[in-house]
Amino acid sequence: GLRLVRRLLLEQKHSRTSTHMQQPVFSLTISSPTNIALIKYWGKRDAKINLPINSSVSVTLNQRDLRTVTTVSASRSFSRDRLWLNGEEEDVNASRRVLAVFREVRARAGDLRDPKTGQVLVRKDEWDGLRVWVVSENNFPTAAGLASSAAGYAALTFALSKLYGLPDSLADELSCIARMGSGSACRSLAGGFVAWDMGQRADGVDSRARQVADEAHWPELQVLVLVVSDTKKTVSSTAGMQTSVDTSPLLAHRAAAVVPGRLAEMEAAYQSRDFGKVAELMMRDSNQFHATCLDTYPPVFYMNDASRAIVRMVHALNEAAGETVCGYTFDAGPNAVLLTLKRHLPTVLAAANTHFPPKRPVEATLASESLLAALKSTPLPPKLSSLYPLAPMRGAVSYIYHTDVGPGAMLLPDSESLAGEDGTPLRLAAPAASPPHQKLLLAAIAIAAGCVALKVARK
């Protein structure tokens with residue numbers, strides 16, 4: 001089963017803003033990580049409840065660097081459910097996936113108890129009278145191929161499960177609920193190395209995540225994320241994979257004949273900490289995944305010229321080093337995720353920084369002073385310049401993250417809450433600035449309206 005945090009930090013809060021809202025507000029805050037699939041799932045056999053056509057495995061990235069934070073608040077004073085994402089309110093009822101998570105968690109609701117006294121704050125049969133407000137923020141780009149939906153729906157599921165008093169014994173069911181929001185979200189509930197078993201049943205109860213190794217299993221493993229684009233991709237994962245299922249013979253072959261054996265090899269390699277094998281398998285799988293996107297009709301392109309150049313650079317670096325020092329994988333987007341080991345990290349970072357100097361210098365995005373010092377003193381393998389003779393693609397990468405493998409979803413202290421005592425967001429997105437021509441048009445309309453009003457007044 002999944003390893004879930006058992007500690008519950010919950011406070012009973014009261015509104016200070018109006019006399020008609022003197023009902024208690026129950027609130028908690030959690031964080032959830034993103035994950036990067038090393039053997040990918042692509043395609044659903046049931047899109048309604050997100051049942052995949054193949055199993056997959058991923059590493060959970062450390063929340064110190066990449067995470068979703070979500071605060072959920074419940075009160076009888078709330079007239080309807082509401083959701084704010086990155087400071088902008090979203091229509092809860094417009095998202096079938098959000099509604100599914102709410103529905104499934106509420107169906108399993110238990111008593112909500114004060115963790116200090118054991119006092120029942122909300123009885124199981126009282127939940128129908130309370131509505132929930134959700135405030136959620138990502139500290140990394142949304143819908144850019146960095147598994148933001150996985151982190152987001154894992155956060156929503158985990159937060160609601162704690163708010164509604166679901167016991168830890170329902171961990172497998174929680175995995176299935178997160179999967180209904182976003183397939184790979186079930187893998188973000190746990191830390192370390194996590195498999196998502198596709199299952200066989202039509203109702204999906206056996207399609208859930210399974211922790212293969214926790215985050216402490218392989219402390220040498222390091223991750224670099226090269227953000228090529230932080231803009232929303234033009235073809236969503238949901239749309240792309242459905243088109244692939246409908247039109248790509250290669251995808252059907254991959255799911256049936258390639259992935260099962262590759263998964264077994266990957267689990268064994270990770271358990272034995274065989275980096276060379278893990279890197280080879282993840283690169284082969286990434287290449288094949290994007291080949292199925294090309295085999296889709298019409299084709300779907302997630303990688304771009306910078307992505308393909310990074311692939312060439314990694315293979316050249318491994319050859320120049322005389323061993324596998326790095327592996328790459330690309331999800332449904334152009335951004336590269338590079339795996340390496342601590343002893344090779346300065347070399348891999350130096351190669352990435354030399355050949356793809358980011359728009360934001362690494363000094364602004366890397367927190368480790370020792371890593372920055374090692375970067376400046378680490379020479380590249382002499383053979384790399386001849387194996388990869390291309391000129392640096394300056395600015396093709398926006399910025400570079402460094403992280404490692406981390407834990408799954410967890411509760412946070414109340415000091416990290418994203419909501420005020422009344423449940424409303426502490427931060428809202430700034431209104432979008434109007435284009436210059438629109439501002440001129442609005443000014444002209446205002447002047448015209450003023451003139452009309454003046455004429456009417458004179459009459």
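The legends below describe close-up views of a predicted model.

**View 1. Packing of helix α1 against helix α3.** Helix α1 covers residues 96-106, and helix α3 covers residues 171-181. Their axes lie 8 Å apart. The packing angle is about 160°. Angles over 145 degrees count as roughly antiparallel, and α1 and α3 are therefore roughly antiparallel to each other. Their crossing is right-handed.

**View 2. Residues at the contact of α1 with α3.** From α1, the contact is made by Arg97, Val101, Glu104 and Val105. From α3, Ile177, Met180 and Gly181 take part. By class, the residues of this contact comprise four nonpolar, one polar and two charged.

View 3. Strand β7 runs over residues 67-75. Eight of its nine residues are buried, so β7 is largely enclosed by the rest of the structure. Buried here means under 20% relative accessible area.

**View 4. Pairing of β7 with strand β2.** Strand β2 spans residues 25-33. β2 and β7 pair in the antiparallel sense. Nine bridges join β2 and β7. At one of these positions, Ser27 has Ser73 of β7 as its bridge partner.

**View 5. Pairing of β7 with strand β12.** Strand β12 is made of residues 131-138. The pairing of β7 with β12 is antiparallel and extends over eight bridges. Ser73 faces Trp133 of β12 across this pairing. Ser73 is also the bridge partner of Ser27.

Notes: Residues numbered from 1 in each chain as written. Predicted model: local features only at pLDDT ≥ 70, side-chain atom pairs only at ≥ 80, totals over all residues. Heavy atoms only, no water. Axes fitted to C-alpha atoms, helices over the stretch in contact; angles between N-to-C directions. Helix = DSSP H or I, 4+ residues; strand = E, 2+ residues; numbered from the N terminus. Parallel < 35°, antiparallel > 145°, perpendicular 65-115°, else oblique. Left-handed = near helix turned anticlockwise from the far one by under 90°. Contact = heavy atoms within 4.5 Å. Nonpolar A, V, L, I, M, F, W, Y, C, P; charged D, E, K, R; others polar. Buried < 20%, exposed > 50% of the residue type's maximum accessible area, 1.4 Å probe, protein only. Pairing = 2+ DSSP bridges.
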